[in-house]
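Thanks for coming, everyone. Please look at the screen while I walk you through one protein.

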Amino acid sequence: MKNNLSSKTVTLAQLAKVIDHSLLLPELTVKEAIAGCQTARHYNCASVCIKPCFIPLAVKELAGTDVIVGTVISFPHGNATIEAKVAEAKDAAAKGATELDLVLNIGELRSGHYDLVREEIRQVVEAVKGKAIIKVILENAYLTDEQKRAACRLCDEAGAHFVKTSTGFAPTGCTIADLNLMFDSVSERMQVKAAHGIKTLDGLLEVIDVGVTRVGIRFTTEILEDFRKRFPE
């Protein structure tokens, strides 16, 4: 599923609603997490994607808004067992997160253990069905194109809602070529999230034109204020 937006006609409000404001740095303090939630609230972003330990804080800070509280599962390496990932997902959903960005088991995928990877994703999806949507992070920097296509198919088959390019902690992140490959590898019902390396308004508009429905960024204020200056209402 692609967005119906264009860089030539998108409004500030529409642009804000594709942003998952990222609050995932390991050194992020409580004060900084609160400030990040206030930023997302101010611009009416789609969501915050916050460290699991700060889910209750984000739920409190964003109460009364339509900014979604999201978090990450087995972040950033995806190495936890299936049972641990399921438990983490259930805990996050119970605390109020309604979007979960799950890092798949990269090593198992690269080993060709596709049944295991599919089953892992399926179990997480089922564990929070009706409570949270699942965005699966592929971490494309470590994958061949063939592995990226396979991962997209496995996510689709397992019932995930999104595929996502990157965690932000690998050597490289989102590319236009990868986004096109991902769209070509999933069914129409699935959405694609771009993340890692989108630091400017031009970069955000570029991925919008590819069709992504969500973008994970940390530079929300800088990007949206640049938009406001360039395209005053």
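Let me start with charge. Lys and Arg count as positive, Asp and Glu as negative, and His and the chain ends are not counted. Each charge is placed at NZ of Lys, CZ of Arg, CG of Asp or CD of Glu. On that basis, the protein has 28 positive and 30 negative side chains. The centres of the two sets lie 3 Å apart.

A word on the source. This is a predicted model, where local features need pLDDT of at least 70, side-chain atom pairs count only at pLDDT 80 or more, and totals for chains, interfaces and linings use all residues. Residues are numbered from 1 along each chain as its sequence is written, and side-chain values use heavy atoms, with hydrogens and water left out.

Now the overall build. The protein has ten helices and eight strands. These are DSSP runs, numbered from the N terminus: helices are H or I with at least four residues, strands are E with at least two. The radius of gyration is 17 Å, close to the 17 Å from the globule rule for 233 residues, so the protein is as compact as a globular protein of that length. That radius is taken over C-alpha atoms, and the rule is 2.2 Å times the number of residues to the power 0.38. Along the principal axes, the C-alpha trace spans about 50 × 35 × 30 Å.

What about the surface? The protein exposes about 10400 Å², and carbon and sulfur atoms supply 52% of this area. Such areas come from the Shrake-Rupley method with a 1.4 Å probe; for residues, only the protein chains shown count as cover.

Next, the inside. Buried means under 20% relative accessible area, exposed means over 50%, and partly exposed is in between (1.4 Å probe, protein chains only). Of the 233 residues, 53% count as buried. In soluble globular proteins, nonpolar side chains tend to be buried together. A nonpolar core is a set of buried Ala, Val, Leu, Ile, Met, Phe, Trp, Tyr and Cys residues joined through side-chain atoms within 4.5 Å.

Which residues touch the most other members of the largest core? Among its 76 residues, they are Leu138 and Leu204. Helix α9, residues 201-210, gives the most to this core, with six residues. Contact means heavy atoms within 4.5 Å. Leaving out residues up to four places away in sequence, Leu204 touches Leu15, Val18, Ile19, Ile198, Val215 and Ile223.

Now Phe183. This residue sits in helix α8, residues 176-185. Phe183 counts as buried because its relative accessibility is 10%. Beyond four places in sequence, the residues that Phe183 touches include Met1, Lys2 and Val192.

On to the loops. Pro76 is in the loop between β3 (68-73) and α4 (82-94). The peptide bond from Phe75 to Pro76 is cis, with omega near 0°.

Two residues other than glycine have positive phi values to point out. Glu139 has phi near 60°, and His196 has phi near 80°. Glu139 is in the loop between β5 (133-137) and α7 (145-158). His196 is in the loop between β7 (191-195) and α9. His196 is partly exposed, at 21%.

Last stop, Thr175. This residue lies in the loop between β6 (162-164) and α8. Thr175 counts as partly exposed because its relative accessibility is 34%.
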